[in-house]
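Hello,

Please open it first and then read on.

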Amino acid sequence: MTTVEQQIDGDKLMAFVFRAVDEVGATLNAGLVVMGDKLGYYRALAGAGPLTPAELAERTRTSEHYTREWLNAQAAGGFVEYDDGRYVLPAEHAIALTDESSPAFLPGFFQIALGTVHNTTQTIEAARSGAGIGWHEHDTDVHNGCERFFRPGYNANLLTGWLPALTDVVGKLERGAKVADIGCGHGASTILMAKAFPRSTFVGADYHSGSIEVARQRAAEAGADITFEVAPATAFSGAGYDLVTTFDALHDMGDPVGAARRVRESLTEDGTWMVVEPMAGDRVEDNLNPVGRAYYGFSTLLCTPASLSQDVGLALGTQAGPARIRDVITAAGFTRFRVAAETPFNLVYEVRP
């Protein structure tokens, strides 16, 4: 048999090598961003003008040996600007790196990414065996980072855009509705709604007991009257709900069809299920972009293993897209489904009986 040698384009090869070097720098930068967030480096730089490594170390009560190398890495990556031994955090970058009320806030995104990557060894073994890895098996950077990443988006869009996009929902909430938030995590979405609509009653459910403990504490601090329970999405308590919400969680469920059936049973006949899912198109080529790349990464290392760790293990994937979500909804007996709103990171579906 004759072997035909493939001609290698040396320039193309080296271009890929240097792109890979940039990828390694980006991987390491996830840890550096979390470091800067937790040590207060970004907050100390914000609005401070040019600082030396020694000045940053003094302001944060940390070691100058670390601030020097951290600042150089941040300058090389374009996160801070360098000029003659001093470093500046641009105002626009400061918003994204320090303002947790801004929808552009990013450290939570890096935190959940870093926490996800921590578990790569276990994920490799799970890929060999087909096993899953539960949400509860990850470290707190995953749990805290998830809430810190999604909360600013909820704060910016839920009350002003997403709920008003649903049919006749805001009026019900203002008059007094019964609401269940399924897969509520730390309760950011539940608390936001409960404070905005004090005449309505709210229940939050999540299978992860640690998250429910945090949600109860956060609700108490916010003065929000919410009942939180530890329960899977297929078996949360109550009935007669006017609104059920599920934020960035349906694709993580092992049995999303079973969860959808439970939602259908729990709703009133004119009730609404609002499903918020990651932005995704129905075709792979629709998702070959920076947002899709990040979400496919989370899908491989976090969301698909979470689904596989549960009963059924349907593993929709983070980039399920509207068509696959519609299939889940209709299989559970719902008849009305539409995309009600969207952002660069999320799709909001209105689902009704």
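Two residues are in contact here when they have heavy atoms within 4.5 Å of each other. This is a predicted model, in which local features need pLDDT of at least 70, side-chain atom pairs count only at pLDDT 80 or more, and totals for chains, interfaces and linings use all residues. Residues are numbered from 1 along each chain as its sequence is written, and side-chain values use heavy atoms, with hydrogens and water left out.

Let me begin with Ala96. Leaving aside residues up to four places away in sequence, Ala96 touches Ala104, Phe105, Leu106 and Pro107. Ala96 sits in helix 5 (residues 91-98); helices (H or I, at least four residues) and strands (E, at least two) are DSSP runs, numbered from the N terminus. Ala96 counts as buried because its relative accessibility is 13%, where buried means under 20% relative accessible area, exposed over 50%, and partly exposed in between (1.4 Å probe, protein chains only). Between the C-alpha atoms of Ala96 and Ile8, which are 88 residues apart along the chain, the separation is 42 Å.

Together with Leu13, Met14, Val17, Phe18 and Val21, Ile8 makes a nonpolar surface patch of about 580 Å². Patches are made of residues with over 30% relative accessible area and no salt bridge, with like charges joined within 9 Å and nonpolar side chains (Val, Leu, Ile, Met, Phe, Trp, Tyr) within 5 Å. The areas come from the Shrake-Rupley method with a 1.4 Å probe, and for residues only the protein chains shown count as cover. Phe18 belongs to helix 1 (residues 10-39) and is exposed, with a relative accessible area of 56%.

Next, the salt bridges. The structure holds 17 of them, each being a side-chain nitrogen of Lys or Arg within 4 Å of a carboxyl oxygen of Asp or Glu. In one of them, Arg148 pairs with Glu100, and the closest N and O atoms are 3.0 Å apart. Arg148 lies in helix 8 (residues 140-162) and Glu100 in the loop between helix 5 and helix 6, so this pair ties together parts that are 48 residues apart in sequence. Arg148 is buried at 13% relative accessible area, whereas Glu100 is partly exposed at 32%.

Glu100 also forms a salt bridge with Arg151, with the closest N and O atoms 3.3 Å apart. That pair links distant parts of the chain too, since Arg151 is in helix 8 and the two residues are 51 apart. Arg151 is partly exposed, at 21% relative accessibility.

What separates Glu265 and Arg262 within helix 12 (residues 256-266)? The two are three residues apart, which means about one helical turn. They form a salt bridge as well, with the closest N and O atoms 3.6 Å apart. Glu265 is exposed at 57% relative accessible area, while Arg262 is buried at 13%.

Finally, a pair of helices. Phe109, Ile112, Ala113 and Thr116 in helix 6 meet Ala294, Phe298, Leu301 and Leu302 in helix 13.

Best wishes
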